[in-house]
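I opened a new notebook page for this model. My plan was to go from the whole chain down to a single residue.

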Amino acid sequence: MAAPRSPPRVRAREREGPRAPTAGSDQVHSWTLVTSQALDTAWKVARGSVTLAVAFLVAALCYVRRMHSYLGRRLKWWIGYLQRKFKRNLSVEAEVDLLSYSAREWKGETPRAKLMRKAYEELFWRHHIKCVRQVKRDNYDALRSVLFQVFSQGLSFPSWMKEKDIVKLPEKLLFSQGCNWIQQYSFGPEKYTGSNVFGKLRKCVELLKTQVSVSGKKRRGMKAHTRVQ
């Protein structure tokens, strides 16, 4: 049985073989390849630029943050320096009006601020305290306040202040009562350690004792003058 014969056109195409691509298809393929390569190159360049820009932005932010912190510390230091330079370093400030001080120190409408302002008003109206002095705020402000009241008001001193060996009080507190905190005393910019702390404390106690004696003599003289009159 004979095989079926192909149509004449099919046989002609088979004899001719595969056709070569046309010029138009080559041009389209070439443009597609060039466009793809161009887009790929542009994407690589853009990605590198974006990465570089992000890295630069992060570095700039870190630098600005560090600079801001540094300038803040320097500005705070200069403000403190100028305040110490031009402000009088007084242990006890001059008298100010009690109600004005209360309004300045306890601003706002919080319950605590209202309570403190009310307390100051009670002192002003009921106890007739018109003025107040602000004491330098540090670890010794309570002692400074008491001594100022003692010397300014002519109050009586306790009997132990008149003892002869009062200058040895720091050593007694340390060795007899175990008060180790005596050795931790500081004296502003002056540096003392070990036994030198006791020497400085002894000088302070001697000065206090001298002031007590002078204040007592003045008080007795004023009383005698009042009696004579």
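**Burial and surface**

I note at the start that the model is predicted. I looked up burial, and 14% of the protein's 229 residues count as buried.

**Elements and contacts**

How many helices and strands are there in the protein? I count seven helices and two strands. Reading from the N terminus, I wrote down the order α-α-β-α-α-β-α-α-α. I also checked the contacts between residues at least 6 apart in sequence, and 55% of these join residues at least 24 apart.

**The annotated span**

I checked UniProt, where an unreviewed entry lists residues 45-64 under "transmembrane region". I recorded this as an annotation that may be inferred rather than shown by experiment. In the model, residues 45-64 are 100% helix and 0% strand.

**A nonpolar patch**

Which residues make the nonpolar surface patch of about 510 Å²? I list Tyr 63, Val 64, Met 67, Tyr 70 and Leu 71. I followed up on Leu 71, which lies in helix H2, residues 23-86.

Is Leu 71 buried, partly exposed or exposed? I have its relative accessibility at 48%. Buried requires under 20% and exposed over 50%, so Leu 71 counts as partly exposed.

How values were computed. Residues are numbered from 1 along each chain as its sequence is written. This is a predicted model: local features need pLDDT of at least 70, side-chain atom pairs count only at pLDDT 80 or more; totals for chains, interfaces and linings use all residues. Side-chain values use heavy atoms; hydrogens and water are left out. Helices (H or I, at least four residues) and strands (E, at least two) are DSSP runs, numbered from the N terminus. Buried means under 20% relative accessible area, exposed over 50%, partly exposed in between (1.4 Å probe, protein chains only). Contact means heavy atoms within 4.5 Å. Patches are made of residues with over 30% relative accessible area and no salt bridge: like charges are joined within 9 Å, nonpolar side chains (Val, Leu, Ile, Met, Phe, Trp, Tyr) within 5 Å. Accessible areas come from the Shrake-Rupley method with a 1.4 Å probe; for residues, only the protein chains shown count as cover. A salt bridge is a side-chain nitrogen of Lys or Arg within 4 Å of a carboxyl oxygen of Asp or Glu.
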